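Opening the notebook on a new model today.

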Amino acid sequence: MANDDIDSIQAWVVATCRDLGLSVDAGSDFFRSGGSSLTAVKLIARAEESFGEDALPPEDLFTDSGIREIAESIARNRQQVDSSPA
Amino acid sequence: MKRLTASPGARAVHAAANAGTSVPFPSDSSVKELFEQRVRTGGGTTALVHGDRRMTYAELNAAANRLAGHLLRQGCRRGDVVGVCVRRSSELVVALLAIVKCGAVYLPFDPSWPDERLLVMFGIAGCDRVVTDQPGPLAARLPWCQVLDVSTADGDDSADPEVTVRAADIAYINFTSGSTGRPKGVPIEHRSVVRLVHDARFARLDDRTVVLFLAPVTFDAATFEIWGALLNGGTCVIYPGTFVRLSELRRVVRQHAVSTVFLTTALFNTMVDEDVDALGSVDVILTGGEAHSLPHIGKALAHYGAGRIVSVYGPTECTTFATYHPLTGPQPGDRPLPIGRPIQNTRVHLVRDDRLCEPGETGEVCLSGPGLSPGYTGMPEETARRFVDHVVDGVTERFYHTGDLAYFEASGVLVFQGRDDDQVKINGHRIELGEVRHALTGHPDVRQAFVTVHVSGTGERLLTAFAVSDGTSEALRDHLARCLPPYMVPAVIEIRESLPLSAHGKVDREALLSSLRPRL
């Protein structure tokens with residue numbers, strides 16, 4: 001977990017969106033790919049399950065809904081299991 | 001006026017369905033009067049909870065009276081329509097209460113709706129004044145309106161305004177999709193709100209009830225969430241934040257001991273899929289808005305047990321809920337989940353070819369009783385088409401023709417069977433496909449358009465449009481976003497060179513849907 005970088009989180013976002021029925025790749029936008037407010041509820045719930053509570057704040061998702069931006073938000077907000085300073 | 005005939009079997013099943021629904025309620029009282037009564041008898045009781053903030057009935061009343069005083073000084077008069085655009089918060093409830101205390105009418109709207117839509121809605125409703133928590137941006141968008149800041153509290157007159165509000169006065173107007181391209185305003189009387197929440201059959205509503213306010217205020221479930229608590233001496237817990245998050249939902253209902261929650265069918269299914277126990281602490285979950293999914297209902301029933309989940313049904317024209325069906329045991333898999341029996345002070349008839357239906361026979365759901373809207377604002381023809389006086393056994397009753405199809409089981413329980421037109425429900429939003437099609441063909445590059453609902457691989461219902469156009473789907477999306485609220489903009493917009501026709505010469509929906517690129 002500690003070594004997750006944005007690319008691997010992005011791979012998780014793409015896989016999860018596909019599981020939710022959206023045909024996305026790394027360059028897609030969540031809402032423009034057919035994501036609805038309900039798909040958002042699901043994506044947020046799954047992000048929290050995998051990366052901890054508040055891992056993907058809804059305000060972030062609704063402001064910047066590119067797949068890359070979603071991955072960046074999770075990287076910023078996920079609970080740091082290994083929080084030793086660099 | 002229409003005379004309806006009924007066979008003995010039809011008469012019997014209608015009598016069974018409507019038995020016991022007429023109960024005494026304060027049909028001469030306004031929302032203002034009943035709320036102010038609650039303040040006098042229990043002013044110290046908690047009325048609102050929002051985050052860390054609590055307001056008693058007395059505090060809420062004083063805040064609403066101060067804002068009402070401001071509105072009255074600004075010229076607001078009984079019967080005026082006041083737009084409300086305030087984030088879900090205590091201030092929002094204060095604003096609604098202040099408006100009804102003036103004898104005025106609240107018209108909730110969402111800032112994400114395009115200017116063109118607001119212009120049309122406000123024109124229909126005759127609205128030229130708004131109360132908001134974002135006065136700057138709205139004043140720029142609505143230059144013809146008087147824009148009042150909800151947080152303004154000039155003066156300290158916290159006494160109840162001396163305005164007489166009658167039960168037949170209009171309390172609010174909700175707008176709903178209209179098939180001809182014009183949204184329809186549905187005005188609701190004070191007595192209809194009282195009818196919804198007084199002596200409710202579908203859920204216990206009293207001074208121990210804690211209702212979650214989760215719905216957007218533009219959606220009429222909010223009528224139940226707010227007034228169901230505040231006219232019964234209960235507590236209204238306001239869901240914090242704009243967007244629903246299941247972890248937050250779970251936390252809020254536990255922290256504030258919420259007893260009663262309404263979820264749209266789509267959100268209910270999402271909860272069941274992702275975190276079935278999110279509402280494990282509540283007494284009653286009401287859910288409705290679309291046809292229910294039996295697998296989701298089955299899983300929820302197994303988790304929550306009998307009697308805690310209630311399926312509810314009702315169009316805006318009959319004030320939020322018209323029928324209810326508590327889930328008491330496993331549902332037979334061979335028929336849809338029933339929408340049940342009428343709630344208190346509501347009657348239902350199934351009509352087909354000028355007669356009442358027999359058990360098992362499909363007909364149009366017609367609703368009657370004090371929950372009915374007086375008719376669409378400024379649309380006499382549409383009103384006359386949908387709200388019709390009928391004579392059954394010598395008794396005249398005003399029916400609202402819902403356009404929903406259903407049949408009665410022998411016991412008088414109603415089972416939903418779809419629509420008789422192309423109105424659809426997506427995520428609880430009622431959408432006339434005709435209105436979306438109308439907006440699409442309003443674009444100069446669009447020669448032909450077809451709009452439908454497509455069920456995604458994961459069971460989500462997506463509004464899907466096909467257009468014959470030289471433009472791009474992005475351009476069409478931008479066009480639609482300028483004239484329709486976001487929930488009416490299709491999730492999928494596909495450009496085609498032509499639309500396939502079926503053997504009957506109609507657009508071949510199946511062929512179009514099967515041409516969609518398979519989703520990964």
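This is a predicted model: local features need pLDDT of at least 70, side-chain atom pairs count only at pLDDT 80 or more; totals for chains, interfaces and linings use all residues.

Residues are numbered from 1 along each chain as its sequence is written, and chains are lettered from A and ligands numbered from 1 in the order in which they are written.

**Entry 1: a helix pair in chain A**

I take helices (H or I, at least four residues) and strands (E, at least two) as DSSP runs, numbered from the N terminus. I looked up helix α1 (residues 6-19) of chain A and helix α4 (residues 67-77) of chain A, whose axes come within 8 Å and cross at roughly 120°. The axes are lines fitted to C-alpha atoms, for helices over the stretch in contact, and angles run from 0 to 180 degrees between N-to-C directions. That angle makes α1(A) oblique to α4(A); angles under 35 degrees count as roughly parallel, over 145 as roughly antiparallel, 65 to 115 as roughly perpendicular and the rest as oblique. The crossing of α1(A) and α4(A) is right-handed.

For contacts I want the C-beta atoms of two residues, placed from the backbone, to lie within 7 Å. On the α1(A) side I find Ile6(A), Ile9(A), Gln10(A), Val13(A) and Val14(A), and among their partners in α4(A) are Ile67(A), Ile70(A) and Ile74(A). By class, this contact of α1(A) with α4(A) has 9 nonpolar, 1 polar and 2 charged residues. The classes put Ala, Val, Leu, Ile, Met, Phe, Trp, Tyr, Cys and Pro as nonpolar, Asp, Glu, Lys and Arg as charged, and the others, Gly among them, as polar.

**Entry 2: two helix pairs in chain B**

Next I checked helix α2 (residues 31-42) of chain B against helix α3 (residues 57-73) of chain B: the angle is about 135° and the axes are 9 Å apart. These two are therefore oblique as well, but α2(B) passes α3(B) in a left-handed crossing. Glu36(B), Arg38(B), Val39(B) and Gly42(B) in α2(B) meet Tyr57(B), Ala58(B) and Asn61(B) in α3(B). I count that contact as 3 nonpolar, 2 polar and 2 charged.

Then α10(B) and helix α11 (residues 294-304) of chain B, which pack at about 60° with axes 10 Å apart. They are therefore oblique to each other, and α10(B) passes α11(B) in a left-handed crossing. Phe268(B), Asn269(B) and Val272(B) in α10(B) meet His296(B), Lys299(B) and Ala300(B) in α11(B).

**Entry 3: where the chains touch**

How many residues does each chain put into the contact? I get 22 residues from chain B and 18 residues from chain A. On the chain B side, α9 (246-255) and α10 (265-274) each supply at least two residues. By class, the chain B side divides into 9 nonpolar, 7 polar and 6 charged.

**Entry 4: one face of α1 in chain B**

My burial rule: a residue is buried if 20 or more other C-beta atoms lie within 10 Å of its own, exposed if 12 or fewer, and partly exposed in between, with C-beta atoms placed from the backbone. In helix α1 (residues 8-18) of chain B, Ala10(B), Val13(B), His14(B) and Ala17(B) are buried. Seen down the axis, the buried residues of α1(B) fall within an arc of 100°, so they line one face of the helix; the arc is that of the directions from the helix axis to the C-beta atoms. The face turned away from that side carries the exposed residues Pro8(B) and Ala15(B). What covers the buried residues includes β17 (347-352) and β21 (395-408) of chain B. Just after α1(B), Gly20(B) takes a positive phi of about 75°.

**Entry 5: loop residues in chain B**

Thr320(B) has a positive phi of about 75° and lies in the loop between β14 (309-313) and β15 (323-326). Buried or exposed? Thr320(B) is buried, with 29 other C-beta atoms within 10 Å. Asp199(B) has a positive phi near 55° and sits in the loop between α7 (190-197) and β10 (210-213). With 15 C-beta neighbours inside 10 Å, Asp199(B) counts as partly exposed.

Conventions: A crossing is left-handed if the near helix is turned anticlockwise from the far one by less than a right angle, and right-handed if clockwise.
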